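Morning, everyone. Please have the sequence and the 3D view open while I talk.

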Amino acid sequence: MRRKSVAFLIVAMVAAPAMAALFGPGKFKVVEADTRFTESGNPVFRSENNRISRKSVVGGIHLNADGVYVNPIATRSKASGEVLAIGLTVLNKTDFDTMYGGPNQLGVLREIAFLLDDSIPLVLPIENGRVDWADTSTYNSITRSASAQVAETGIARISIEQYRRVLSAKSIAVRIEGSKRSVTYEVKDIAPTFRENLQAFYESALK
């Protein structure tokens, strides 16, 4: 992987929409970033709305678009079409309330691990972890508390071979580790669309 390619992945990741919608995640989509003003002009593909599970960090069920997402992103050579870099944008959409705190916050994201077919885990460090707060907050006059949306993001580098291993596994469990706490999604927790979306990105941007 080339440094400039990875750096552009990170910029594209941060520019992607991060805050939660009201009625659950939208449809998964793959979009090509505007690279007209970059030096290389290499095409960059990013994705949105690939939530791992409806299960929350504390074990409840998300009724809105909150939750942990793993959205693949990739850049290719404009000249040869070669895949130069692949990343997994890890995003935790959650909130913080002055009364209840932030029980679903993971903190600065550090690591994502895939347990494939109950075998040796595929462990990927998460780089460039950051925590962003919404510009506005909501006030509840009944509880006299205020809440604000929070987006915890980071990117994990992954090779094409590792990506294919995730796609070909018969079963998958995922663990995300942050500076505050971690969350594990067992095989039964994984949304049916999670790997379908990873496959769709592979077909659109990596083949």
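I will go from the overall layout to the core, then to rings, strands and one histidine.

First, the ground rules. This is a predicted model, where local features need pLDDT of at least 70 and side-chain atom pairs count only at pLDDT 80 or more, while totals for chains, interfaces and linings use all residues. Residues are numbered from 1 along each chain as its sequence is written, and side-chain values use heavy atoms, with hydrogens and water left out.

Now the layout. The protein has 3 helices and 10 strands. Both are DSSP runs numbered from the N terminus: helices are H or I with at least four residues, strands are E with at least two. Starting at the N terminus, the order is α-β-β-β-β-β-β-β-β-α-β-β-α.

How much of the protein is buried? Of its 207 residues, 48% are buried. Buried means under 20% relative accessible area, exposed means over 50%, and partly exposed is in between, with a 1.4 Å probe and protein chains only.

What about contacts? A contact means heavy atoms within 4.5 Å. Take the contacts with a separation of 6 or more: 67% of them link residues 24 or more positions apart.

On to the core. A nonpolar core is a set of buried Ala, Val, Leu, Ile, Met, Phe, Trp, Tyr and Cys residues joined through side-chain atoms within 4.5 Å. The largest one here has 37 residues. Those with the most contacts inside it include Ile52, Phe114, Tyr163 and Phe194. Elements that each supply at least two residues include β3, β5, α2 and α3. The largest share, 6 residues, comes from α3. Look at Phe194. Leaving out residues up to four places away in sequence, Phe194 touches Asn50, Arg51, Ile52, Val70, Phe114, Ile172 and Val174.

Next, the rings. How many aromatic pairs are there in the whole structure? The search finds 2. Rings of Phe, Tyr and Trp (its six-membered ring) pair if their centres lie within 6.5 Å; planes under 30 degrees apart are stacked, over 60 edge-to-face, and the rest tilted.

Phe96 and Trp133 are edge-to-face, 5.7 Å centre to centre, with 65 degrees between the planes. Phe96 lies in β4 and Trp133 in β6, so this pair ties together parts 37 residues apart in sequence. Phe96 is partly exposed at 29% relative accessible area, and Trp133 is partly exposed at 43%.

Tyr163 and Tyr202 are stacked, 6.3 Å centre to centre, with 20 degrees between the planes. Tyr163 is in α2 and Tyr202 in α3, so that pair ties together parts 39 residues apart in sequence. Both tyrosines, Tyr163 and Tyr202, are buried.

Now the strands. Two strands pair if DSSP finds at least two bridges between them. β5 and β6 pair antiparallel over 4 bridges. Glu111 stands opposite Pro125 in β6. The two strands, β5 and β6, form a hairpin with 5 residues between them. In the turn, Asp117 has a positive phi of about 55 degrees. β6 also runs antiparallel to β8 (residues 145-157), joined by 6 bridges. There, Val131 stands opposite Glu152 in β8.

Last stop: His62. Where does His62 lie? It sits in the loop between β2 (44-48) and β3 (67-76). Is His62 buried or exposed? His62 counts as buried, because its relative accessibility is 9%. Beyond its neighbours within four places in sequence, His62 contacts Arg51, Arg54, Lys55, Ser56, Gly67 and Asn104.
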